[in-house]
Amino acid sequence: MLKVDFKKAFDSVQWDFLENLLCQLGFLNKFVLLVMQCVSPSSFSVAVNGDTRGFFPGHSGVRQGDPLSPYLFLCCMEYFSRMLKLASQQEGFCFHPKCQVQGITHLAFADNVLLLSRGYSSSVHCILQPLTLFGQISGLEINSQKSSIYFGGIGNVHKQSILTDSSFREGSFPFTYLGVPLSPPL
């Protein structure tokens, strides 16, 4: 299981990606134009000792606190979900045994994602490919400080191979996901 956190998720969504995504999801052009007018004309200033200084144009991101932002971010995660569904159909991918019947590859809540697969190098590779590609396309990069990989029932040699290939750090159980402590059954 890989616990993935995206760096400054709301701040780093690329506007071109978002606009193309909304069009590809079938939203009307007029609606997409309205959304992009809400998102893209942002500028920032810095307050020092109560005085506002300068304006800096924004280049990416959806505004945290904007009621529209969570919905736009969900659209981005829908794109990632579809990428993972395609990855699960690759020859080298094997579902985690507890997820196979339902076809579950991931669980996501906002910018926190759990990626699930059997602990084979090929399976991990199949889910890391779309993760990397998604980051390049969308602007959403992995926050390596808050991301980890968790193992169960895997030998040390195999584990080291996966750790080397993934560049994730190994996490330990129990860990907290969305405020809930998680650990494998005894």
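Student: Which residues form one aromatic cluster here?

Tutor: Start with the general idea: rings of Phe, Tyr and Trp (its six-membered ring) pair if their centres lie within 6.5 Å; planes under 30 degrees apart count as stacked, over 60 as edge-to-face and the rest as tilted. In this structure, one aromatic cluster is made of Phe6, Phe17, Tyr79, Phe80 and Phe134. Keep in mind that this is a predicted model: local features need pLDDT of at least 70, side-chain atom pairs count only at pLDDT 80 or more, and totals for chains, interfaces and linings use all residues. Residues are numbered from 1 along each chain as its sequence is written, and side-chain values use heavy atoms, with hydrogens and water left out.

Student: How many aromatic pairs does the structure hold?

Tutor: There are 11 aromatic pairs. Take Phe6 and Phe134: their ring centres are 5.9 Å apart and their planes sit at 65°, so we call the pair edge-to-face.

Student: Where in the chain are Phe6 and Phe134?

Tutor: Helices (H or I, at least four residues) and strands (E, at least two) are DSSP runs, numbered from the N terminus. Phe6 is in the loop between strand S1 (2-5) and helix H1 (9-12), while Phe134 belongs to helix H5 (residues 121-138).

Student: Is Phe6 buried or exposed?

Tutor: Buried means under 20% relative accessible area, exposed over 50%, and partly exposed in between (1.4 Å probe, protein chains only). Phe6 has a relative accessible area of 1%, so it's buried. Phe134 is buried too, at 0%.

Student: How many disulfides are there?

Tutor: A disulfide is a pair of cysteine sulfur atoms within 2.5 Å. The count by that rule is 0. Cys75 is in no disulfide, and its nearest cysteine sulfur, in Cys76, is 7.0 Å away. That's too far for a bond. As for accessibility, Cys75 is buried at 15%, and Cys76 is buried at 1%.

Student: What does His96 touch?

Tutor: Contact means heavy atoms within 4.5 Å. Leaving out residues up to four places away in sequence, His96 touches Ser117 and Arg118. His96 and Arg118 are 22 residues apart in sequence, yet their C-alpha atoms are 4.1 Å apart in space. You'll find His96 in the loop between helix H4 (69-87) and strand S4 (106-109), and His96 is partly exposed, at 30% relative accessible area.
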